[in-house]
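Let's take a walk through this structure together.

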Amino acid sequence: MWRNLWKSIDRFSVHYFKHIINELREIKVVDRLNKELVVDLMQSVVEIVMYGDRHDPSIFDCFMEYQVLAEFVRVLKVSKNSRIEAPLLQYLSIMMQNIYSEQAIYYCLSNDYINSIITHPFEFDGEDLASYYISFLRAVSSKLNKDTLCLLVKAPEDIVVAFPLYSEALSFAYHGEKMIQIAVRALTLDIYNVSDDTVFQFVTTPPASEYFSSLVLSLREKCFQLDALFDATEETCSLEKRKELFVGSDKIVDDLYYFKDILSVGKTRLSKMVIQNLISILVFPILIPLLQLNQSSGTNLSAVTSLYVISRLLQLVEEKNMINLVATAILCPCMFSSMRDAAESVTTNGISEANSSSNQLYETKETVYPELEFTENIEVEYLLGQLSEYMPSNSQSVIFSPDDIRNERSGLLSYIFSDNINLMLASLMLLVVLAESKDLDHGLKAMIRFSETKPRLSKILNALLNALASQQEVSVLVKWHIGWFLRKVLGLWETKLNHHSFSVFNFPLTEIV
């Protein structure tokens, strides 16, 4: 009744604002009886503050003087089963999103009020509250910069020991609601893009750093799910199963784009943490069985899925070290298999033994690929250093003879000559991705383009042409992909089809002209 008396008064005046604040201060407990009143008061406060931020600085001066955020924290603490949490978080999110003055943002993030709300023991017994909570965290993260980030971390002696905004957000990283997952990832990128060294130290140190390993483990699990869907689709290729396959592939691609966004921040400490986890948890466990390096756990991905995942990883993430690591593993398995020994020699016995290991690789390369000038084309010591840096600690060395190396490399290339069209296309995709990469080492690029090995290139072309001319029941889409790969191979390897190439189609060349 009394509030009706204020209808004739300017509701965006400082005088009215003080009245609203005093009413809010009189609330001693929030229950179902006064919940609506409290919600109305909070709404009025937020509306007036947003108006004042644009039009009347004295309103925000009053907001600071009366410590209104402290009142919001108090209301949260005195609520008793009133379900006031959701509207409180909603109105705070709206306020944070719609204030723009540096003074307003700085004040809201200071005095630990925001951290008090973030760390409040909410009971997330329903989807709605979690959504409001994450929206609030996201609104806060959108206001972070080099000046405001320090207001939300606890950093005695310039070492961050706690960062509630980041830590609490990560607890929702695998929430069942997709929009919440997206908001959490956007929040983390907001934090990373501030590029604060003390924060990078915090996020790359346990337990916070476990987030990156859990991300890669989650991605690996999605790869196995995709593999199962692929197997099911090969057995029964229904429209529903194809849709499931595309959805599973999209989930993997979404994760890869997120990794790309993290790496694009450009901070060495963060990038190294992400690459190390990708290499050790995903790439190596896929490549080792794919290259048939005598290490099989019985839980490997199929070759098609493995080749697809590696191709998409390199294509989307576009990280130089990773591209050269994968190319080295495929083209120089001797280097890949013995790099743990080399790494140990570098870290324990000094440079002399590292050089010795490099010399062994020179010798092996000259035995297997005498047509290329190894010392000029590939920076062996650089690649060794990169390989050893990302080598999983629990991996085992495998020793190869030159004959073994030839067999292993031809084993990988034999996927191209497989009767399984899916396997042939997947292996070609990986070769094309590597060949097109601008970050691939020169020597590796020369090897992958078979610059001095025309017979092998002819075999690849014949395999594609035979698949294209095959009388097997192959879908139009698959044949389109075969034609696309044929065009790519002709362009990348700078070669042309000849009269013999068309003989597989059983018609004379004159009919084409």
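**A walk from helix to helix**

Start with helix 2, where the buried residues are Val38, Val39, Leu41, Met42, Ser44, Val45, Val46, Ile48, Val49, Met50, Gly52 and Asp53. Here, buried means under 20% relative accessible area, with exposed being over 50% and partly exposed in between (1.4 Å probe, protein chains only). Helices (H or I, at least four residues) and strands (E, at least two) are DSSP runs, numbered from the N terminus. Before going further, keep in mind that this is a predicted model: local features need pLDDT of at least 70, side-chain atom pairs count only at pLDDT 80 or more, and totals for chains, interfaces and linings use all residues. Residues are numbered from 1 along each chain as its sequence is written, and side-chain values use heavy atoms, leaving out hydrogens and water.

What covers those buried residues of helix 2? The cover includes helix 1 (14-25), helix 3 (57-65), helix 4 (68-78), helix 5 and helix 6 (102-109). Contact, by the way, means heavy atoms within 4.5 Å. Helix 2 itself takes in residues 35-55, and at 1.5 Å a residue its 21 residues should span 30 Å; the end C-alpha atoms are 30 Å apart, which agrees. The expected span is 1.5 Å times one less than the number of residues.

Now hop over to helix 5 (residues 85-97). The same kind of check works there: its 13 residues should span 18 Å, and its end C-alpha atoms are 18 Å apart. Of these 13 residues, 10 are buried, so helix 5 is largely enclosed by the rest of the structure. The buried ones are Glu85, Ala86, Pro87, Leu88, Leu89, Tyr91, Leu92, Ser93, Met95 and Met96. Take serine 93 as an example: it counts as buried because its relative accessibility is 5%. Leaving aside residues up to four places away in sequence, serine 93 touches Tyr132, Ser135, Phe136 and Ala139.

Next, look at helix 13 (residues 239-263) and its neighbours. The axes of helix 10 (residues 178-192) and helix 13 come within 10 Å and cross at roughly 15°. Axes are lines fitted to C-alpha atoms, for helices over the stretch in contact, and angles run from 0 to 180 degrees between N-to-C directions. That crossing makes helix 10 roughly parallel to helix 13, a label for angles under 35 degrees. On the helix 10 side the contact is made by Lys178, Arg185, Thr188, Leu189 and Tyr192, and on the helix 13 side by Asp254, Asp255, Tyr258, Asp261 and Ile262. These divide into four nonpolar, one polar and five charged. In this scheme Ala, Val, Leu, Ile, Met, Phe, Trp, Tyr, Cys and Pro are nonpolar, Asp, Glu, Lys and Arg are charged, and the others, Gly among them, are polar.

Helix 13 also meets helix 15 (residues 303-317), with axes that come within 9 Å and cross at roughly 35°. Helix 13 brings Ser249, Val253, Leu256, Tyr257, Phe259, Lys260 and Leu263 to the contact, while helix 15 brings Tyr308, Arg312, Leu313, Leu316 and Val317. By class, that contact has nine nonpolar, one polar and two charged residues.

Finally, visit two loops. Glutamate 319 sits between helix 15 and helix 16 (320-331), and is buried with a relative accessible area of 16%. Glutamate 319 touches Leu263 and Ile275, not counting residues up to four places away in sequence. Serine 209 is in the loop between helix 11 (197-203) and helix 12 (210-235), and is buried at 10%.

Methods. Parallel < 35°, antiparallel > 145°, perpendicular 65-115°, else oblique.
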